[in-house]
Amino acid sequence: MSAQHEQIYEFVYRGMLAEEALDTAGRVRRIDLDETEVAEALSFELFDEDLLTQARLMSTVYTAIAVFEMSVRRFVKKVLIDTYGEGWWEKGVSEKIRKFVDTRRTDEEKVKWHGVRGDDLLSYTELGHLPQIMQQNWECFEAYVPRVDWATSLFSTLERSRNVIMHSGSLALPDVERIGMHVRDWNKQVSL
């Protein structure tokens with residue numbers, strides 16, 4: 001095993017320990033499935049073990065990116081609601097982005113046999129839309145975000161890594177470390 005793989009394994013193991021600590025502390029899970037049920041339902045036993053290990057490593061990285069995305073959307077929505085109240089969507093989001101969301105929602109709703117993203121309108125946006133929304137409402141976000149170009153650059157880098165993973169690629173350890181650094185920087189800057 002290479003030194004880089006060992007470092008990735010250590011990263012993943014630390015993540016697993018953190019998950020266990022959260023569970024021990026009484027974390028409430030929103031999903032009623034466990035990993036064993038999911039693995040059985042997906043027939044993991046049929047997959048090549050090396051490919052499965054590689055995918056599991058990247059799924060840990062994807063988990064961090066997904067939680068980051070969800071937390072940024074929650075942050076944006078909170079700031080907009082605090083500013084505009086119930087009319088936050090119409091007052092705080094450009095018509096172009098609202099039309100994008102409407103199209104995406106309509107397309108997803110046409111496929112009745114598949115679940116949709118949910119009720120939150122921001123869940124239908126792309127990560128790149130979020131700094132655009134911040135820019136459009138800069139007076140609301142400038143207390144939290146030092147510059148919109150900083151957020152745009154950070155989100156762009158994370159989106160690039162996310163896309164590699166989502167298209168069955170693997171990231172090298174420096175890419176994983178960069179994700180961790182960006183997530184930490186964002187959380188330190190924006191903590192509400």
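## Basis of the description

Residues are numbered from 1 along each chain as its sequence is written, and side-chain values use heavy atoms, with hydrogens and water left out. Because the model is predicted, local features need pLDDT of at least 70 and side-chain atom pairs count only at pLDDT 80 or more, while totals for chains, interfaces and linings use all residues.

## The pairing of α3 and α8

Helix α3 (residues 49-84) packs with helix α8 (residues 148-166) at an angle of about 140°, and their axes lie 10 Å apart; helices here are DSSP runs (H or I, at least four residues) numbered from the N terminus.

## The largest nonpolar core

The largest nonpolar core has 38 residues, and Phe 75, Val 76, Met 134, Phe 155 and Trp 186 have the most contacts inside it. Such a core is a set of buried residues of nonpolar types joined through side-chain atoms within 4.5 Å, where buried means under 20% relative accessible area with a 1.4 Å probe. Helix α3 gives the most to this core, with 10 residues.

Trp 186 touches residues including Phe 68, Phe 75, Met 134 and Phe 155, not counting residues up to four places away in sequence. Met 134 is also one of the buried residues of α6, which pack against α3, α4, α5, α7, α8 and α9.

Technical notes:
Axes fitted to C-alpha atoms, helices over the stretch in contact; angles between N-to-C directions. Helix = DSSP H or I, 4+ residues; strand = E, 2+ residues; numbered from the N terminus. Buried < 20%, exposed > 50% of the residue type's maximum accessible area, 1.4 Å probe, protein only. Contact = heavy atoms within 4.5 Å.
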